[in-house]
Structures are given as C-alpha cells and as structure tokens.
Amino acid sequence: MQSSKSNDELSDREYRRLLAFRVGLRQFLRWSEQEAAAVGLTTTQHQLLLAIRGHSDPLGPKVGELADYLCTRHHSAVQLIDRTEQLGLIQRSRNDAHDRRVVRLTLTEAGEAKLDQLSTTHLEELHRLAPLIDQLVEPEPRLA
C-alpha cells in the first residue's frame, strides 16, 4: 500500500501516535494470549473458534476459508482443526448437498461456551482501548 505522505511529512506527534498504537496492540495481543491460556486454549485455538463462530454461512466455514482467516496454509489449519476437535470444541460435517468432499466446521457446546467467555472479556478490553484507536485516526491539527 502506497502512502500519501512521505517520511519527511510525518510529524513527531504522528510517530508518537503510531508508537502508542503499536504498543497498545501488542499489549492487547499479550493479554489475549493470557486470557485464552486461562481457559485452556492457545491463541490459535481461540482464533479458530472465533473464525468458525464469526463466519457468515450458518453451515460453517470450509477448511480453506479458515486457513485464510488464520493467515496460514491449508495443512497447518487441518492440524489445528484436528487438535481442537480432539478437545471436543469443534466438529466436522459433510453436509454440502452438491459435494460430499466439502468439510465444514461448527462449534460444539463446549467450544461455544469457551468462546462466549473469551469474547465477553475481549469486547470489554476493546472498549477500554477504543480511545487509543480513535486518537490514532483523528486528523492532525492544522496550524492556522
């Protein structure tokens, strides 16, 4: 993505805002990792549950779609799915009337419960961080 400003045009304030955002984002991700661990999940398992629940098709996402959500390769997604299914948090189904090879994933009741617990606390934390995000996107004040 090409920037409309050159490096010479960025102000000290913009650099400070970017730093504050990056630090806040890293702190959020570290906090999120700890929250997932507290309920017995890895960060990627949490992301997998969220990707399944947040998918728009009520039949559930396909493995390839999950790999895209997780920014990983298909075989890596399959390994994660296998481990998470063994925990009883997700289930596979072949309910595509046109192609029985298509595997879709849905949450089990246990997976839904863990995700609900994590999502509530994550939304609360995002509300707390909202001013930091708003500050980043607010326009630089212009001198008159």
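I call a residue buried under 20% relative accessible area, exposed over 50%, and partly exposed in between (1.4 Å probe, protein chains only).

**Ground rules.** I am working from a predicted model, where local features need pLDDT of at least 70, side-chain atom pairs count only at pLDDT 80 or more, and totals for chains, interfaces and linings use all residues. Residues are numbered from 1 along each chain as its sequence is written, and side-chain values use heavy atoms, with hydrogens and water left out. I take helices (H or I, at least four residues) and strands (E, at least two) as DSSP runs, numbered from the N terminus.

**Helix 4.** I looked up its span. Helix 4 runs over residues 74-86, 13 residues in total. Its first and last C-alpha atoms lie 18 Å apart, close to the expected 18 Å. I get the expected span as 1.5 Å times one less than the number of residues.

Which residues of helix 4 are buried? I find Ala77, Leu80, Ile81 and Thr84. They sit on the same side of helix 4 because they cover an arc of only 105 degrees around the axis. I take that arc from the directions from the helix axis to the C-beta atoms. An α-helix has 3.6 residues a turn, so residues three or four places apart point the same way.

Next I checked the packing partners, with contact meaning heavy atoms within 4.5 Å. The buried residues of helix 4 pack against helix 2 (43-54), helix 3 (63-70), strand 1 (90-93) and strand 2 (104-107). After helix 4 comes Gly88, with a positive phi near 80 degrees.

**Salt bridges.** I count a side-chain nitrogen of Lys or Arg within 4 Å of a carboxyl oxygen of Asp or Glu. By this rule I get five salt bridges.

Glu112 and Arg53 pair at 3.1 Å, N to O. Glu112 is in helix 5 (residues 109-137) and Arg53 in helix 2, so this pair ties together parts 59 residues apart in sequence. Glu112 is partly exposed at 26%, and Arg53 is partly exposed at 48%.

Arg104 and Asp57 pair at 3.4 Å, N to O. Arg104 is in strand 2 and Asp57 in the loop between helix 2 and helix 3, so the bridge joins parts 47 residues apart in sequence. Is Arg104 buried or exposed? Arg104 is buried, at 7% relative accessibility. Asp57 is partly exposed at 26%.

Arg92 and Glu85 pair at 2.3 Å, N to O. I find Arg92 partly exposed at 33% and Glu85 partly exposed at 29%. Asp82, Glu85 and Arg92 form a network of salt bridges.
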